Amino acid sequence: MMDCWKGAICSSWIYPTLIICANGFFSTMRPSESFLTPYLTGPDKNLTVEQVTNQVFPVWTYSYLALLVPVFLITDYLRYKPILLLQGISFIVTWLLLLFAHGLVAMQLVEFFYGMVTATEVAYYAYIYSVVSADHYQRVTSYCRSITLVAATLAAVLGQLLVSLADVSYFHLNAITLASVSLAFVCSFLLPMPQKSMFFHRKGVSETLPQPDKAGAGLSSNTSSSCQQDKGCAPADTGPTPAQQAQQPEPQHHVLRVLVQLGKDLKDCYSSRKLLYWSLWWALATAGFNQVVNYIQVLWDFRAPSHSSAVYNGAVEAVATFLGSATSMAVGYVKVNWDLTGELALGIFSAMDAGSLFLMYFTDNIWACYAGYLAFKACYMLLITIATFQIAVNLSMERYALMFGFNNFIALVIQTILTIVVVDSNGLGLGISTQTLLNEVKQLDYHHFKMRSYRSMGGSKGKKVA
């Protein structure tokens, strides 16, 4: 009886969706995150702003880059759930260190484990596709993404209310966050173990590989259908003929064969110039966005020191998250041919992003700085949604995940270079205001390059994307 009940639960799409959404809610419900810089520079940890900016925060970027690729591959190979458990452990270790450890090295260790947390986020978004049918992909994707936006907004509002109205200390905010991420860890245990994954354990591909030729053909057929509609994209190989198989030795190891196929997929898709340009914008814009978000609290503390001014970080983050989700949702309802107007939108809103960052650089007023951040985040969320759609159209699920993961990897490489050269105390170690200006100069330079390249192509003419 119990086995039948368990089997019925695990076979339904509702149960895993509820559990993964609960995991996403509790792991994102972190009311202390908006007040991290005041906490680190306050009496609890007693670090200087320079130490936080130039020695602590850069560790997150370095660890995230070092862990991203191996975690991405291991996540798919281990079928997601073990990585979700690893993420839960990393969350708990991060906040235990934040609560009870002291000193510069301990806070750098906090950033390392938080890098592990962000590197393992891929498991959250990929897990659900391995346990539900394709008929439910759209619905469960909206649930998983919406719940994290709701949790982030509630966390920011709760943190602000507790700090401003209840006079709760930053230490106790972090204790609440520890309780929340611990609940997310418990939810991870309740998830059913997937039987397939997108790359290494695909449905219909034997894990023991008694027939490697059929497995290779299955991979090739999927990739050809996702790219054949774009004349600018090199046609994918439909698979070798039996004669070619006899002449060309193929990798015998399953992992190696999958890696070779992934490399071929990337080469095929990036052969489309339009897709390449959108991906390049994605990488540069995301690198700049992550850099701004990572250090925005330091800028706010510079404009209005937390030890002598009221702190409204939580309220600003809540409004920014709401505006970002609203602009992202608006893209789905506006009836526009993005093939024709996407470039214009890219130019207009990139210019608005530039203006908001210039405002944050030149103003000394904290409220103007808050307003600039709200405009910056809303414009970025709008543009990244358009870019996501432009890249995702006509892509198979495998290429969808692969290309977006690779674009984020390139963004992280760019962000790491910026951190090493501009932020790290071993590099230039520039102040936070100068970093804000440099991020915007980078975005403006790319937009100028993008428009020149686009004009030289004669426009997109509404062509489909691979």
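Biologist: How many helices and strands does the secondary structure of the protein come to?

Modeller: This is a predicted model, where local features need pLDDT of at least 70, side-chain atom pairs count only at pLDDT 80 or more, and totals for chains, interfaces and linings use all residues. Residues are numbered from 1 along each chain as its sequence is written, and side-chain values use heavy atoms, with hydrogens and water left out. Helices (H or I, at least four residues) and strands (E, at least two) are DSSP runs, numbered from the N terminus. The protein has 18 helices and 0 strands.

Biologist: How far apart are the end C-alpha atoms of helix α6?

Modeller: Helix α6 covers residues 104–119, which is 16 residues. The expected span is 1.5 Å times one less than the number of residues.

Biologist: What covers the buried residues of α6?

Modeller: Buried means under 20% relative accessible area, exposed over 50%, and partly exposed in between (1.4 Å probe, protein chains only). The buried residues of α6 include Ala106, Met107, Val110 and Tyr114. Contact means heavy atoms within 4.5 Å. Their cover includes α3 (36–41), α4, α5 (81–100) and α7 (121–127).

Biologist: Is Cys187 buried or exposed, and how many disulfides are there?

Modeller: Cys187 has 10% relative accessibility, so Cys187 counts as buried. Cys379 is buried too, at 4%. A disulfide is a pair of cysteine sulfur atoms within 2.5 Å. By this rule the count is 0 disulfides.
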